[in-house]
Amino acid sequence: MPAPIPFVSLQNSLKPLFFGIDVGGTSIKIGLVDSNGASIDLKEFDSGGSVQSVAKISTERNPEAAAQAISREIARLFEKHSLSFKDVAGVGLGLPGTMDKKTECIRRPPNIPEWDGYPMCRELAKRIGMPVIFCNDANAAAFGEYWIGSAKGHPSLALLTMGTGVGCGIIIDGRSVDGAIGYGGECGHIIVDITENAKLCGCGQRGHLEIYASATGVARRAIGLTDTRAGSLRNRIIPDTRLSDIPKMVCEEAEKGDPLSLDIIHEAAMYLGIGIVSILNTIDPACILIGGAMTFGGEGSPMGDKYIGWVREEIDRRAFPAIAQALTLDFAVLGGDAGYIGAAGIARSEITVP
């Protein structure tokens with residue numbers, strides 16, 4: 001389960017503060033974080049009246065309308081909490097895509113294609129009168145874990161987010177690894193299968209880690225195997241079953257001891273371990289974290305512990321012993337809060353405060 005994030009009152013916060021923005025395909029989270037990584041209690045409420053740690057707005061498909069909505073929400077928070085520009089030094093903007101460093105425009109964001117080519121950071125900065133720092137959403141989540149999460153105290157990490165695809169964020173000595181044009185950390189597209197029949201990844205290439213270890217890969221593997229192997233899973237997958245529901249079914253049946261389901265999870269863990277060894281051989285991080293929606297229950301659950309144990313076995317089998325022995329392998333703990341916290345943290349590391 002995600003760990004409760006540290007909160008602090010505005011009066012007791014360490015200034016300056018930073019807004020962290022986590023842009024998703026359907027909603028945008030906006031949080032306020034102090035210089036220690038603690039979130040300011042904004043006392044926001046969701047539609048059901050429950051208190052939540054961040055302000056949420058819908059993701060506008062039109063980028064101009066989105067920039068207006070974000071700046072309007074930040075202005076509302078300034079007014080509601082009597083903030084001044086002496087309190088807040090800047091904004092970190094986490095986006096599901098890359099930023100062209102030359103033009104400062106968003107490049108082909110997967111879930112909001114209408115934003116392609118739009119200079120969101122520049123437009124937001126003009127509207128709100130503060131510096132806005134771009135970061136990829138996976139790198140933002142990784143920085144959150146580095147700053148106050150599972151990787152706190154480690155000099156470097158790679159965070160692999162297991163969901164529909166496989167995202168990755170890499171932090172080394174407090175710096176996000178973005179690459180020359182913004183594609184640094186695309187470890188979901190490490191090649192793990194070079195055979196002629198390698199599976200086709202969603203990006204159009206074959207043999208990538210993502211299609212073997214992601215929720216999509218697990219679901220497709222389950223569908224394929226239930227045609228040829230008996231097991232309790234076969235009775236649950238019907239033509240109307242949604243692809244996104246199958247990994248949960250696999251986990252549930254594996255917990256009951258279904259051999260087919262256990263084999264599917266073991267195979268996904270094996271490929272993830274193979275991919276991680278390539279990361280280890282490239283950057284030798286002190287810590288590898290596994291997060292996202294598909295962790296088979298995560299830390300403390302029987303299946304989650306088996307899953308990460310199988311990943312560890314594959315790493316130990318294939319990595320240089322010195323690297324494997326020094327590695328911390330763990331689950332991420334911040335859950336959905338990692339993105340906005342990390343975006344604020346990246347802004348804090350890049351904005352010069354007088």
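Author: Before your questions, here is one definition: two strands are said to pair if DSSP finds at least two bridges between them. Please also keep in mind that this is a predicted model.

Reader: Which residue of β16 stands opposite Cys-287?

Author: Strand β15 covers residues 287-291 and pairs with β16 in the parallel sense, over four bridges. Strands of a sheet pair through backbone hydrogen bonds, either parallel or antiparallel. In β16, the residue that stands opposite Cys-287 is Thr-328.

Reader: How many residues of strand β8 are buried?

Author: Buried means that a residue has under 20% relative accessible area. Strand β8, which spans residues 88-95, runs parallel to strand β2 (residues 17-23), to which six bridges join it, and β8 also pairs in the parallel sense with strand β11 (residues 132-136) over five bridges. Within these pairings, Asp-22 stands opposite Gly-94, while Leu-93 stands opposite Phe-134. Strand β8 is mostly covered, and the number of its residues that are buried is eight of eight.

Reader: Which helices do the buried residues of α5 pack against?

Author: Helix α5 (residues 215-226) has 12 residues and reaches 16 Å from its first C-alpha to its last, close to the 16 Å expected at 1.5 Å a residue. Its buried residues include Ala-215, Val-218, Ala-222 and Leu-225. The helices that the buried residues of α5 pack against are α4 (209-213), α6 (246-255) and α7 (259-283).

Reader: How far apart in sequence are the parts that Arg-127 and Glu-64 tie together?

Author: The side chains of Arg-127 and Glu-64 meet in a salt bridge, with 2.4 Å from N to O. Arg-127 lies in helix α2 (residues 120-128) and Glu-64 in helix α1 (residues 63-80), so the parts that this pair ties together are apart in sequence by 63 residues.

Reader: Are Arg-107 and Asp-100 buried or exposed?

Author: Arg-107 forms a salt bridge with Asp-100, in which the closest N and O atoms are 2.8 Å apart. For comparison of terms, Arg-127 has a relative accessible area of 34% and is partly exposed, and Glu-64, with 36%, is partly exposed. Arg-107 and Asp-100, by contrast, are both buried.

Reader: By about how many helical turns are Arg-312 and Asp-316 separated?

Author: Arg-312 and Asp-316 form a salt bridge whose closest N and O atoms are 3.4 Å apart. An α-helix has 3.6 residues a turn, so residues three or four places apart point the same way. Being four residues apart in helix α8 (residues 302-318), Arg-312 and Asp-316 are separated by about one helical turn.

Reader: Where does Pro-16 lie?

Author: Most residues other than glycine have a negative phi, and most peptide bonds are trans. The peptide bond from Lys-15 to Pro-16, however, is cis, with omega near 0 degrees. As for its place in the chain, Pro-16 lies in the loop between β1 (7-8) and β2.

Reader: Is Ser-82 buried or exposed?

Author: Ser-82 is found in the loop between α1 and β8, and its phi is near 55 degrees, a positive value in a residue other than glycine. A residue counts as exposed when its relative accessible area is over 50%. Since the relative accessibility of Ser-82 is 62%, this residue counts as exposed.

Reader: What is the radius of gyration of the protein?

Author: The protein has 10 helices and 16 strands. The globule rule gives 20 Å for 354 residues, and the value for this protein is close to that, so the protein is as compact as a globular protein of that length. The radius of gyration itself is 21 Å.

Terms used: Residues numbered from 1 in each chain as written. Predicted model: local features only at pLDDT ≥ 70, side-chain atom pairs only at ≥ 80, totals over all residues. Heavy atoms only, no water. Buried < 20%, exposed > 50% of the residue type's maximum accessible area, 1.4 Å probe, protein only. Helix = DSSP H or I, 4+ residues; strand = E, 2+ residues; numbered from the N terminus. Expected span 1.5 Å × (residues − 1). Contact = heavy atoms within 4.5 Å. Rg over C-alpha atoms; globule rule 2.2 N^0.38 Å. Salt bridge = Lys/Arg side-chain N within 4 Å of Asp/Glu carboxyl O.
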